[in-house]
Amino acid sequence: MDKSLLSKSLLGASFTLLTIGTGLLLWQPASLDSSPLSDNTPIRQSAGPIPEKAELPTSEYLQDRNQPQTLQSTTAVLQAGDSLSRTLSRLGVNNRQIAELLQSDEHQVLSSLKPGQKLTTEILTPSDDLQRLTLSETREQTHVFTKSAQGFSYQLDITPMETVLAYKEATIQSSLFVDGVRAGISEKLLAQVTDIFRWDIDFALDVRKGDRFALLYEQKMIDGEKVATGNIIAAQFVNNGRVFEAMRYQAGERTDYFTRDGLSLRRAFIRSPVDFTRVSSQFNPNRLHPIFKTTRPHQGVDYSAPINTPVQSSGDGKVSFVGEMKGYGNTVIIDHDQGYTTLYAHLNGFAENLIAGRSVAQGETIAYVGQTGWATGPHLHYEFRINGVYQNPETVDIPFDSPMTKDELVAFLPYAQKLSKRLKGSHSQDFSEYLARLER
């Protein structure tokens, strides 16, 4: 063989063997674990299957976590028809935290929301994490839900109120309520005025243009802000030149209004037992009867009022008759002891469970205005009798109710003197001069 050809063959075989050897060195058998290893041979462990692509935090999330958190407070005033969940969602509270709030509401204060109440949320932003919810039921009382490890904790907060005495006065030009409100007096206080003096003044008939009144009353304050009006403590009402005074005082277990001499303003009987529009017929022994056109005594007072206007018992007593009487129609008669009886006639109906023998209290509704019996229009016919003798309900002398004991009077008189001085010192110059002219 030619030497050059032999050399080429050997060189090709050597290259082939070298290539195969290199491949063997690089190739690892699948059953490597079954091969004997020396103590110095490193072991390679598998990292396991390749996981699915993990959800990485978004850039917005990372940005929120890195941003400083601020506490944002928002308040909503509840309107009619608003629900808790809808209102809280509008304020930025998520459904999970709404559920936690309801779960922590053991007293169910969030289940009885009312229009006018305020809901205030304090939320960490931008993470939208509710930290505190406040339900302001009144200016004095708030319900607070604070975030805790277990969800939300509940606390009732009471803000103490300070009571101070305030003064108002007014002159009547058209009506008690119109001129009272114009003078800055609330309707609540004006209603108290009519209730206090109703035994001495008929506010439907007796009030005159030029009448005046002055009030010392409680004003409730929180942090210097007026939040409520309390009771009238002292009052004066000048009606047609007559001066009436009232002072609130607790005598024993009862709180009532008294004159400066200790006489109760509360009388044994209400002068007018119905809220009427006018007196259609007065007490008259010689009245011409509207139906029979003959002279027949009218032994009571007729108060015109709409059908079903409530009729009150004029005093404490016991029902002696309930039913229909000839001429009177539906009628109630009440026995007040000590010879006093009252009669209420032409009624449309009776109060529920009103039966003979039942006790009734002064001011309790016993029936409703009607037009039964011999009546030409809806009205209450009211009679007042003493030992069976008819009296004019508008002018009869009504006895005082529950006078003070001697010990109560001894404690009351110095208090009344001090309160009277406080009221007098609050009068405007014009009111003081007006009272001085009346005393001459």
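A salt bridge is counted here when a side-chain nitrogen of Lys or Arg lies within 4 Å of a carboxyl oxygen of Asp or Glu. Asp256 forms such a bridge with Arg266, the closest N and O atoms being 3.1 Å apart. Asp256 lies in strand E10 and Arg266 in the loop between E10 and E11, so the pair ties together parts that are 10 residues apart in sequence; helices (H or I, at least four residues) and strands (E, at least two) are DSSP runs, numbered from the N terminus.

The model is predicted, so that local features need pLDDT of at least 70 and side-chain atom pairs count only at pLDDT 80 or more, while totals for chains, interfaces and linings use all residues. Residues are numbered from 1 along each chain as its sequence is written, and side-chain values use heavy atoms, with hydrogens and water left out.

To describe how far a residue is covered, buried means under 20% relative accessible area, exposed over 50%, and partly exposed in between, with a 1.4 Å probe and protein chains only. Asp256 is buried, with a relative accessible area of 10%, whereas Arg266 is partly exposed at 27%. Side chains of opposite charge can pair when their charged atoms come close. Arg267 is buried, with a relative accessible area of 12%. In a further salt bridge the side chains of Arg385 and Glu383 meet, again with 2.9 Å from N to O, and Glu383 is buried at a relative accessible area of 1%.

The aromatic rings come next. Rings of Phe, Tyr and Trp (its six-membered ring) pair if their centres lie within 6.5 Å, and planes under 30 degrees apart count as stacked, over 60 as edge-to-face and the rest as tilted. The structure holds 13 aromatic pairs. In one of them, the rings of Tyr249 and Phe412 have their centres 5.0 Å apart and their planes at 70°, so the pair is edge-to-face. Tyr249 belongs to strand E9 and Phe412 to helix H7 (residues 406-426), so that this pair links parts of the chain 163 residues apart. Both Tyr249 and Phe412 are buried. Phe276 and Tyr303 form a tilted pair, with 4.7 Å from centre to centre and 40° between the planes. Here Phe276 sits in the loop between E10 and E11 and Tyr303 in strand E12 (residues 301-304), 27 residues apart; Phe276 is buried at 8% relative accessible area, and Tyr303 is buried at 0%. Elsewhere, Phe197, Phe203, Phe213 and Phe237 form one aromatic cluster.

Some rings also have a charged side chain over them, which is counted if NZ of Lys or CZ of Arg is within 6 Å of the ring centre and within 35 degrees of the ring normal. Arg198 lies over the face of Trp199, at 4.8 Å from the ring centre, and Arg212 lies over the face of Tyr434, at 4.4 Å from the ring centre.

The strands can now be followed into a sheet. Two strands pair if DSSP finds at least two bridges between them, and five strands form an open, antiparallel sheet in the order E1-E2-E3-E4-E5. Strand E1 (70-77) and strand E5 (151-158) stand at the edges, each with a single partner strand, so one side of each is left without a neighbour in the sheet. Eight bridges join strand E4 (residues 141-148) to E5, and the bridge partner of Lys147 in E5 is Phe152.

The peptide bond from Thr125 to Pro126 is cis, with omega near 15°, and Pro126 lies in the loop between strand E2 (118-125) and strand E3 (129-136). Asn240, in the loop between strand E8 (225-239) and strand E9 (242-251), has phi near 55°, a positive value in a residue other than glycine, and Asn240 is exposed at 54% relative accessibility. Asp337 has phi near 70°, likewise positive in a residue other than glycine, and is found in the loop between strand E15 (329-335) and strand E16 (340-350).
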